[in-house]
Structures are given as C-alpha cells and as structure tokens.
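Open the model in your viewer and keep the selection tool at hand. The stops below can be followed in order.

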Amino acid sequence: MDLLPLYLSLKLAAVSTVVLIAAAAPLSYFLVFFRMPGKSFVEALINLPIVLPPTVLGFYLLVVMGPKGGVGQAWGSVFGSTLLFTFTGIVVASIVYSLPFAVAPMKSAFLRIDPRLVENAQVLGLTPTAIFLRVVLPNSLAGIAASAILVFLHTIGEFGVILMVGGSIPGETKVASIAIYEAVEALRYRDAWLMSLALVPVSYLFLLLVNRLTPEVRRGA
Amino acid sequence: MGLEARLKKRLKHFDLDVSLACEAGRLLAIVGPSGAGKTTIIRLIAGLEKPDEGEVTLRGEVWTDTAARVDLPTRKRGIGYVFQEFTLFPNLSVYKNVTFAARDRERAEDLLKMFDIWSLRDSRPHLISGGERQRCAICQALARDPGVLLMDEPFSALDALSRRKLRDLVKSLKGELHIPVIHVTHDIREALYLADDIMPVARGRVENKWILQFMIARKERERDLCRSPRPGLEDDEDEIELSIKMKEYMR
C-alpha cells in the first residue's frame with residue numbers, strides 16, 4: 001500500500017487545523033461578544049459550506065483561485081506561482097470548507113462563559129484583546145480542543161473540494177480519500193480496504209475524544 | 001469632591017431617574033426592593049450599561065456625559081466592582097485572581113492577609129466556601145487601587161455567619177479606603193449598619209416614602225415573629241443598634 005496519500009492527508013489536516021483554530025478563535029470571539037450590523041449575514045456566509053455540495057464549493061474555489069480569479073491573481077502577483085493543484089491550494093480550500101466546523105464548537109464554548117466574568121475583566125481594566133487571551137481562551141480550552149479535533153477529522157474526510165481544487169497529483173494533492181476513490185476505480189480493492197481501515201480507527205478515537213470534551217454530548221449520554 | 005452621578009434610562013417597566021453623590025471615605029447604600037433599578041444604577045456608573053441621558057464624574061473627571069457624547073470605557077474608569085454572584089476566574093488560584101489586575105503585588109498580598117484568605121492562596125475558587133470567594137472578590141476589586149468601590153449585593157449569596165463576618169470587615173475597612181463606596185442592597189438592616197448615607201430607591205426613583213413603609217412593614221413582621229420563635233434574626237445587640245439608627249434616620 002502507498003502510504004504517501006495517508007501522510008498527505010494527515011499533513012493537510014494538521015496544517016488546516018492549526019491555521020483554522022488560529023483564525024476561528026478571534027472570529028468566534030468577535031461573533032459572540034461584539035455587536036455589529038449584518039452579523040447574521042457574516043454567520044450565514046461562514047456556515048454556507050455546510051449546506052453547499054462540495055463540488056459546488058469546489059467549483060467556486062476553482063474559479064476564484066484560478067489564474068483569472070481574484071485570489072489566484074493576487075497570489076500570483078505576490079508569490080509568482082499558482083494556487084491551483086498545489087498543496088497550499090488544497091490547504092486554502094480546506095480552510096474555507098472546514099471553517100464552520102471550527103467556528104460552531106468554539107462559539108458554543110464561548111457562549112458558555114459567564115458574561116459576568118467578561119464584565120469583571122472589563123472592570124479590572126483589561127482590553128478586549130487581553131480579555132480574549134486571559135479570560136475567554138483559558139476558560140474555553142475543552143471547546144477549542146473539540147473544535148480542533150472536528151476540523152482535523154473533517155479535513156481527513158474531504159474529497160469533492162480537494163478533487164476540484166487540487167486534482168490528484170501524487171505527493172502534492174493526492175490525499176487518502178482520493179487515493180481510495182482511484183483504487184476502487186482501478187479495481188484495487190485490497191489497497192482501498194487497507195487505506196479505509198487505517199482511517200476508521202483514527203476517526204473513531206478522535207470522535208470519542210470530542211464527545212468527552214463536549215458537555216452537551218456528555219449530558220445527553 | 002467624590003463621585004457624582006445623574007442618570008436617566010428607560011427600563012422595561014419604568015424609567016430610571018436618579019441623582020447621587022458620594023464623598024471619598026463614605027459609604028452610600030442604595031437600598032430598595034428587587035427590581036427597583038439598584039443594580040442598573042451602579043452598572044451605569046461602571047459603564048457596563050449606557051444611560052439615555054446623564055453624567056457621571058469622579059473627582060471632577062468626566063466618565064459619562066451624554067450631552068457631550070463622553071463615554072469613558074469601563075476598563076479606563078479605574079473602579080472596583082464586587083458582583084452579586086461569584087465572578088472569580090475559575091482557571092486561576094485565589095492568589096492569581098487577586099493579583100490578576102493588581103497595580104501593586106505587595107498590596108494584593110496584604111489584602112489577602114487582611115481578609116484572612118492567605119492560607120487559601122493556592123486553592124481554585126470552586127474549592128473554597130461562598131464567604132471565602134466573596135472575600136477574594138473584594139480583595140480582587142481593591143487590589144487595583146480603585147478610585148471608587150461599587151458593591152452589588154455582595155453578601156446576598158452568603159449564609160448568615162459569613163454575611164455577618166464580611167459585613168463587619170467592610171465596615172471596619174471603609175474608613176481606611178479614602179474612596180467613595182457604593183453598596184447596593186435590598187436589606188435595610190445591612191444598609192443601616194454599614195452606610196454613612198442611604199439612598200432608598202423604588203421603581204427607578206429616590207423614594208423616601210418607601211423606606212418608611214418598609215420599616216413599618218418590618219416592625220409589624222417582627223412583632224408577629226416575636227410571638228413565635230424568631231428564625232433568621234441576628235442577636236439582640238444588633239437589633240438595638242438597628243433600632244437606634246432607624247430612629248436617627250427617621251428624625
């Protein structure tokens with residue numbers, strides 16, 4: 001069995017998780033604790049990847065990240081290379097696709113923080129940034145961990161968006177889900193079986209961990 | 001000059017419209033029934049809520065002036081605020097809670113000793129009693145050397161013994177603070193015991209009639225209770241002091 005797609009999947013999931021958690025934490029803090037006009041429009045936009053078929057999202061990303069798209073052109077003028085069919089390209093696509101899965105558990109963790117704790121921090125002279133770093137984050141660690149695990153698992157399972165934006169370039173964009181699809185198409189069932197089996201226990205164990213970290217799930221058990 | 005405030009705000013069931021002043025070294029008790037607007041008053045002073053109209057100044061420094069569109073953020077007001085319920089940071093020890101925003105670490109340590117919670121300095125808030133937590137909250141508020149201390153029913157969640165101990169501690173401390181202290185309570189006995197000045201509030205207005213009605217109702221209730229065992233009432237010495245203060249106030 002070729003282990004490179006598995007390695008690429010794990011690398012993609014790890015990079016996307018780190019970037020998404022770093023981006024989703026301040027975004028969620030902003031959505032929970034600040035008032036602004038049009039917030040519901042922003043939230044709906046963030047959640048769009050949940051309801052859109054991955055191929056539709058992948059198609060739009062393909063257009064936007066392509067040589068004639070805004071993001072693709074900006075990337076090209078700064079780095080002198082293309083985003084499509086590269087590892088960086090599928091990282092960007094994963095971030096867009098998994099953003100709601102990072103924001104939702106984090107928002108729910110931030111909403112569980114007693115608002116009076118935040119008020120107390122304000123009274124004690126903390127700036128909004130200091131409140132985020134010294135009060136909100138340390139008191140939401142379980143929610144952040146749950147968010148990280150969900151993003152990691154969701155990225156490992158991505159198929160449609162990756163295929164549209166990255167294709168199937170060995171060592172670059174051919175992740176495990178695409179390798180399994182290709183193995184089945186080529187009737188190499190043994191490879192498909194082995195790679196699928198490798199993903200199942202990892203995903204199952206991580207989901208168990210999410211359940212342990214999420215109070216709502218624990219209460220319902 | 002101490003703290004001065006004139007505040008108007010439309011609330012759900014009535015309009016709040018009050019003016020108050022509190023000199024440094026004095027304790028003003030805002031007393032009234034639940035839902036009278038007491039907490040809103042100190043939240044407006046703290047900047048946690050915005051008035052529709054009014055001004056708040058401390059020693060001449062303008063914190064709020066709706067006409068001039070001045071609204072100093074809460075974090076810049078330099079206030080100490082003790083919340084009704086426990087608002088200690090659960091992820092920090094008692095020591096770290098008190099030194100969290102302290103300007104002077106030594107002062108914070110002195111407060112921990114003064115409030116008799118030095119031995120609990122390494123404990124997390126959920127492992128100590130309600131009285132100890134509220135002592136810690138007062139230390140936290142005082143440790144940043146505030147320009148005014150606002151206390152929102154700080155003893156209401158405590159048992160009788162803890163309430164009494166903490167009340168005595170606050171009373172002995174208030175003269176040494178040299179800052180205005182505003183204490184919100186629904187307990188007239190507590191107000192009379194602690195305060196230099198009392199501001200009775202009912203439905204968002206200063207209402208002296210209310211305090212008289214309250215006293216009459218309370219006397220009637222005590223008379224009824226005297227016929228039967230007196231659960232919940234504290235010792236006679238306290239009662240005597242309360243009666244003397246009531247008479248003084250009514251005069």
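Is L111(B) buried or exposed? At 0% relative accessibility, L111(B) counts as buried (buried is under 20% relative accessible area, exposed over 50%, partly exposed in between, with a 1.4 Å probe and protein chains only).

Before going on: this is a predicted model, in which local features need pLDDT of at least 70 and side-chain atom pairs count only at pLDDT 80 or more, while totals for chains, interfaces and linings use all residues. Residues are numbered from 1 along each chain as its sequence is written, chains are lettered from A and ligands numbered from 1 in the order in which they are written, and side-chain values use heavy atoms, with hydrogens and water left out.

**Stop 1: around L111(B)**

Select helix α3 (residues 105-114) of chain B, where L111(B) is found (helices are DSSP runs of H or I, at least four residues, numbered from the N terminus). Leaving aside neighbours within four places in sequence, L111(B) is in contact with C139(B), L142(B) and A143(B) (contact means heavy atoms within 4.5 Å).

**Stop 2: helix α5 of chain B**

Select D159(B): one of its side-chain oxygens comes to within 3.2 Å of the backbone nitrogen of L161(B), at the start of α5(B). Buried residues of α5(B) include L166(B), V170(B) and L173(B). After α5(B) comes H178(B), with a positive phi near 55°.

**Stop 3: E119(A)**

Move to helix α6 (residues 115-123) of chain A, which holds E119(A). E119(A) counts as buried because its relative accessibility is 14%. Beyond neighbours within four places in sequence, E119(A) is in contact with R43(B), L48(B) and F83(B).

Methods: Helix = DSSP H or I, 4+ residues; strand = E, 2+ residues; numbered from the N terminus. Polar contact = N/O pair within 3.5 Å; in protein donor to acceptor, adjacent residues only side chain to side chain.
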